Amino acid sequence: MYDIVIVGAGTAGLSAAIYALRAGRKVLLLEQLSYGGQIINTPEVENYPGIKKISGFEFATGLYEQAKDLGAVVEYGKVVSLENDIPAGDEIAAAEGISPDAVIKVVHTTKKAYPCKAVIIATGAKNRPLGLPDEERLTGAGVSYCATCDGAFYRKKPVAVNGGGNTAIEDALFLSNYCSKVTLIHRRDTFRADAAEVEKLKSRDNIELVLNSTITSIIGEDRVKQLEVTDKNTGEKRLIDVDGLFIAIGQIPDNSAFSPLVEIDAAGYVVAGEDCKTNVAGIFVAGDCRTKTVRQLTTAASDGAIAAQDPAKTETPFTIDSGVPPAGVRMCRLSPSSTPSARMLKLLSMLR
Ligand code: NAP
């Protein structure tokens, strides 16, 4: 049985694995398609502290190899459900030296079930695509979903941003610092983004707002050259010359396998604070699939390190939420109403 099953081998999941493995835990990484997550598609990463420039592929491969070298087992399959508080049963009990009644967690893929002591959800999120015919072909050749990652490649060049949420507005402001012109295209004339951020937009000379409009075509052979934009009210079409298009129309997480056991918000993100703890003891969440405001490579790695802390602790070697100790470990059962000094006395008496 694994100590920790990590669902998702992107930056958050691999970082969690590295921390847990270095703490001596037995770790399984479950990945649906291929390791690396979103960053593997980024041509160049220039904002990871300590690394001046690296391709997303090289970065992800480095993380993957680091986890593998430390002993991570990686298996492929789509996780479809997660069970909590399942009795270990005789076979696992004998192998682990625990009571058959001790409770464990079981992660199910379409092919197999993986019993474990703790789970870290690190499923990431996909950028919502516009769904235009040439969008995928031109991704990495002018089409980007991350201004922070790719914006610097468009210095002194005209770009467009699509969206009306905080991400789009922040992207437009960020890009306007060094792009010659930023055209912000949004399908409505009011914004989802914070009013203060929208006000900032209006004070920038090099930002043009194209509202009530949608992008109907991305034009370019090898690279993006123009956008065809259609006014939703008049149906009028216009062409805008750009070198880059930053699509910021939200993200799509997929955490349905963990619901309703684990709390998921209306947008599909696993609810947790900066401690990466979900509403279920022993189930943690790391990276872009968590409720948070900054979704970056650095914050994914940081989440991985945090999420691995509790399950990696040697003093909690088994069933974090079961209260059933492994063989040879005595439990100190204290009344919730006992005072701190009474608890300390009881702990001291156990140590004698
Ligand atoms: P979002 O708030 O969901 O906004 C997505 C935007 O894209 C909306 O304006 C939406 O238009 C538009 N959109 C959606 N689908 C579209 C489509 N198919 N075609 C054209 N436009 C489309 O997403 P987000 O900006 O990524 O933000 C996600 C969450 O993170 C939000 O809660 C946001 O506040 C938060 N966030 C916070 C910060 C911060 O606090 N600094 C920074 C970034 C993000 P409609 O408005 O017409 O629906």
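**Positive patch.** I looked for clusters of like charge and found a surface patch of positive charge made up of Arg128, Arg187, Arg188, Arg192 and Lys232. Patch members have over 30% relative accessible area and no salt bridge, and like charges are joined within 9 Å. For the charges, I counted Lys and Arg as positive and Asp and Glu as negative, leaving out His and the chain ends; the place of a charge is NZ of Lys, CZ of Arg, CG of Asp or CD of Glu. Lys232 sits in the loop that joins strand E13 (226–231) to strand E14 (237–241). Helices (H or I, at least four residues) and strands (E, at least two) are DSSP runs numbered from the N terminus.

**Ground rules.** This is a predicted model, where local features need pLDDT of at least 70, side-chain atom pairs count only at pLDDT 80 or more, and totals for chains, interfaces and linings use all residues. Residues are numbered from 1 along each chain as its sequence is written, and side-chain values use heavy atoms, with hydrogens and water left out.

**Whole chain.** I noted nine helices and 17 strands. Of the 352 residues, 46% are buried; buried is under 20% relative accessible area, exposed over 50%, and partly exposed in between (1.4 Å probe, protein chains only).

**Salt bridges.** My search of the whole structure turned up 15 salt bridges, meaning a side-chain nitrogen of Lys or Arg within 4 Å of a carboxyl oxygen of Asp or Glu.

- I checked Arg290 with Asp303 and got 2.9 Å, N to O. Arg290 is in the loop between strand E17 (283–285) and helix H7 (297–307) while Asp303 is in helix H7, so this pair ties together parts 13 residues apart in sequence. Arg290 is buried at 1% relative accessibility, and Asp303 is buried too, at 2%.
- Lys200 pairs with Glu197, with the closest N and O atoms 3.0 Å apart. They are three residues apart in helix H6 (residues 195–202), so about one helical turn separates them. Lys200 is partly exposed at 40%, whereas Glu197 is buried at 14%.
- Lys53 and Glu46 meet at 3.6 Å, N to O. Here Lys53 is exposed at 52% and Glu46 partly exposed at 34%.

**Ser176.** What does Ser176 touch, leaving aside residues up to four places away in sequence? I found Val182, Arg204, Asn206 and Ile207, with contact meaning heavy atoms within 4.5 Å. Ser176 is in helix H5 (residues 166–176) and counts as buried at 8% relative accessibility.

Terms used
Patch = residues over 30% accessible without salt bridge, like charges linked within 9 Å, V, L, I, M, F, W, Y side chains within 5 Å. Areas by Shrake-Rupley, 256 points an atom, 1.4 Å probe, with all protein chains shown as cover.
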